[in-house]
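Subject: Handing over the structure

Hello,

I am passing this structure on to you, and I hope you enjoy looking through it. Please have it open while you read my notes below.

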Amino acid sequence: MNDQERQAERDYQAYQSLLDLWARENPIKTTKLQMLLAVNALLVSALNVSGGIAPGKWSLYLAGALFSVIWTFSIGRTALFQDVWQIKIAALRTRHPDDPRFSILETDEARRRARPLLRRFGAISSRWYLLFSPLAFALAWLAVLACSLAR
């Protein structure tokens, strides 16, 4: 095995490790999003059961906003590292453009051949709703807090 082949093997091992790190972030993001939704659903349910929006419940609104802001940063950090892994994967792909082992994430052609309904529903990157859902919840809780204090 020559130096170039040895380097390609080392790069492929690094590629596999990075691919594994990248893939492990998906269930983490999903779990964080599900917990965000569950906690906000519980907070809204508690609000409804206790009689709705009132100035005396400001701590509930503030808690909802703070939890959601924390989730914004937590999900953002997970997405950031997934992006970092993907950037490193792309750099390895660039070094070995003719080696199909480095193109596992190249999915453009396969996506074009996927069923139209799936292409439409899958067209929005999860980053949009992963990052903006907790931010939207935080802003909504802050709006409720402001409205309740203005009464």
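This is a predicted model: local features need pLDDT of at least 70, side-chain atom pairs count only at pLDDT 80 or more; totals for chains, interfaces and linings use all residues.

Residues are numbered from 1 along each chain as its sequence is written, and side-chain values use heavy atoms, with hydrogens and water left out.

**Confidence**

The score to know here is pLDDT, the predictor's confidence in each residue, from 0 to 100. The protein chain averages 92, and 100% of its residues score at least 70. Helices, here and below, are DSSP runs of H or I with at least four residues, numbered from the N terminus. Confidence is highest in helix H2 (residues 58-95), at a mean of 95, and lowest in helix H3 (residues 108-113), at 86.

**The inside**

By nonpolar core I mean a set of buried Ala, Val, Leu, Ile, Met, Phe, Trp, Tyr and Cys residues joined through side-chain atoms within 4.5 Å. The largest one has 14 residues, and those that touch the most other members are Leu43, Leu47, Leu60, Tyr61, Trp71 and Trp141. At least two residues of this core come from each of helix H1 (3-49), H2 and H5. A separate, second core holds seven residues, among them Tyr15, Trp85, Ile89 and Phe102.

Contact means heavy atoms within 4.5 Å. Leaving aside residues up to four places away in sequence, Leu60 touches Leu43, Leu47 and Trp141.

Is Ser68 buried or exposed? Ser68, which sits in helix H2, counts as buried because its relative accessibility is 0%. Its contacts, again without residues up to four places away in sequence, are Leu36, Asn40, Pro134, Phe137, Ala138 and Trp141.

**Charged pairs**

Side chains of opposite charge can pair when their charged atoms come close. A salt bridge here is a side-chain nitrogen of Lys or Arg within 4 Å of a carboxyl oxygen of Asp or Glu. How many salt bridges does this rule give? The count comes to nine.

One of them joins the side chains of Glu9 and Arg101, at 2.9 Å from N to O. This pair links distant parts of the chain, since Glu9 is in helix H1 and Arg101 is in the loop between H2 and H3, 92 residues apart. Glu9 is partly exposed, because its relative accessibility is 31%, and Arg101 is also partly exposed, at 28%.

Another salt bridge brings together the side chains of Asp20 and Arg24, at 2.8 Å from N to O. These two are four residues apart in helix H1, so about one helical turn separates them. Asp20 is partly exposed at 34% relative accessibility, whereas Arg24 is exposed at 51%.

In helix H3, Glu109 and Arg112 are three residues apart, which means that they are separated by about one helical turn. Their closest N and O atoms are 3.3 Å apart in a salt bridge. Glu109 is partly exposed, with a relative accessible area of 43%, while Arg112 is exposed, at 54%. There is also a network: Glu9, Asp99 and Arg101 are joined by salt bridges that share partners.

**The surface**

A patch is made of residues with over 30% relative accessible area and no salt bridge, with like charges joined within 9 Å and nonpolar side chains (Val, Leu, Ile, Met, Phe, Trp, Tyr) within 5 Å. Ile124, Trp128, Tyr129, Phe132, Leu135, Leu139 and Leu142 make a nonpolar surface patch of about 730 Å². Of these, Leu135 lies in helix H5 (residues 126-150) and is partly exposed, with a relative accessible area of 35%.

**Two distances**

Val69, in helix H2, is partly exposed at 31%. Its C-alpha atom is separated by 38 Å from that of Asp11, 58 residues apart along the chain. Ser74 is in helix H2 too and is partly exposed at 24%. Ser74 and Thr31 are 11 Å apart in space, C-alpha to C-alpha, and 43 residues apart in sequence.

Best wishes

Note on methods. Accessible areas come from the Shrake-Rupley method with a 1.4 Å probe; for residues, only the protein chains shown count as cover. Buried means under 20% relative accessible area, exposed over 50%, partly exposed in between (1.4 Å probe, protein chains only).
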